[in-house]
Amino acid sequence: MNKTVSISTTRLWPAVLARILLAVVGGYAVTYSVTAALAQMLPGERIDAAISATLLSFLIYTLYVLWVYAVPLRRGLFSLLAVIPLSLIGFWPQLFTGAA
């Protein structure tokens, strides 16, 4: 019985480590890109949009971490593809005009 427990737990470690990395590092990347995109798209003054997007980022990060543990690992990895278009939305104006 001890042998089967150790075999099953050693097989779980890579999956657990992958979910932890996806939640922490992937959550940061998704939250950063969503915050940048929201800051560009929200109406109003730039500072108000930036503060509103930053406040929403805490909710986005928390929900993403919870979501990563609720879905299969492969689906969580596919969610990182959303970082590319969101980053382009958030940082596209700065690529051509420079930082303001």
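1. Please note from the outset that the model is a predicted one. The two tyrosines form a stacked aromatic pair, with 6.0 Å from centre to centre and 10° between the planes.

2. Exposure of this pair. Tyr28 has a relative accessible area of 55% and is therefore exposed, since the cut-off for that class is over 50%. Tyr32, at 47%, is partly exposed.

3. A second pair, in helix H2. How are the rings of Tyr64 and Trp67 arranged? Their centres lie 5.9 Å apart and their planes meet at 40°, so the pair is classed as tilted. Tyr64 and Trp67 are three residues apart in helix H2, a separation of about one helical turn. Tyr64 is buried, with a relative accessible area of 8%, whereas Trp67 is partly exposed at 29%.

4. The aromatic pairs as a group. The count of aromatic pairs comes to three. Ring pairs also join Tyr28, Tyr32 and Phe91 into a cluster.

5. The chain as a whole. Which elements make up the chain? It contains four helices and zero strands, and its pattern along the sequence reads α-α-α-α. Of the 100 residues in the chain, 23% are buried. Among contacts with a separation of 6 or more, 73% are between residues 24 or more positions apart. The accessible surface of the chain is about 7,300 Å², and carbon and sulfur atoms account for 74% of that area.

6. Contacts of Leu38. This residue lies in helix H1. With neighbours within four places in sequence left aside, Leu38 is in contact with Ala53, Leu56 and Ile60.

7. Residues up to four places away in sequence not being counted, Ser57 touches Thr31 and Thr35.

8. The largest pocket. This pocket holds about 190 Å³ of space. Helix H1 (2-41), helix H2 (46-70) and helix H4 (83-97) are the elements that each give two or more residues to its lining. Which helix gives the most to that lining? H1 does, with four residues.

9. The lining of the largest pocket. The lining consists of 13 residues, and those nearest the centre of the pocket are Ala36, Ala39, Gln40, Arg46 and Ala50. By residue class, the lining divides into six nonpolar, five polar and two charged residues.

10. Points to locate in the display. A reader may begin with the stacked pair Tyr28 and Tyr32, continue to the tilted pair Tyr64 and Trp67, and then find the residues that lie nearest the centre of the largest pocket, Arg46 and Gln40 among them.

Note on methods. Residues are numbered from 1 along each chain as its sequence is written. This is a predicted model: local features need pLDDT of at least 70, side-chain atom pairs count only at pLDDT 80 or more; totals for chains, interfaces and linings use all residues. Side-chain values use heavy atoms; hydrogens and water are left out. On a 1 Å grid over the protein atoms alone, a cavity is a set of points where a 1.4 Å probe fits but cannot get out, and a pocket is an open set with protein on both sides within 12 Å along at least five of seven lines; lining residues have an atom within 4 Å of a point. Grid points are joined across faces, edges and corners, and a volume is the space filled by probe spheres set on the points. Ala, Val, Leu, Ile, Met, Phe, Trp, Tyr, Cys and Pro count as nonpolar, Asp, Glu, Lys and Arg as charged, and the others, Gly among them, as polar. Rings of Phe, Tyr and Trp (its six-membered ring) pair if their centres lie within 6.5 Å; planes under 30 degrees apart count as stacked, over 60 as edge-to-face and the rest as tilted. Buried means under 20% relative accessible area, exposed over 50%, partly exposed in between (1.4 Å probe, protein chains only). Contact means heavy atoms within 4.5 Å. Accessible areas come from the Shrake-Rupley method with a 1.4 Å probe; for residues, only the protein chains shown count as cover.
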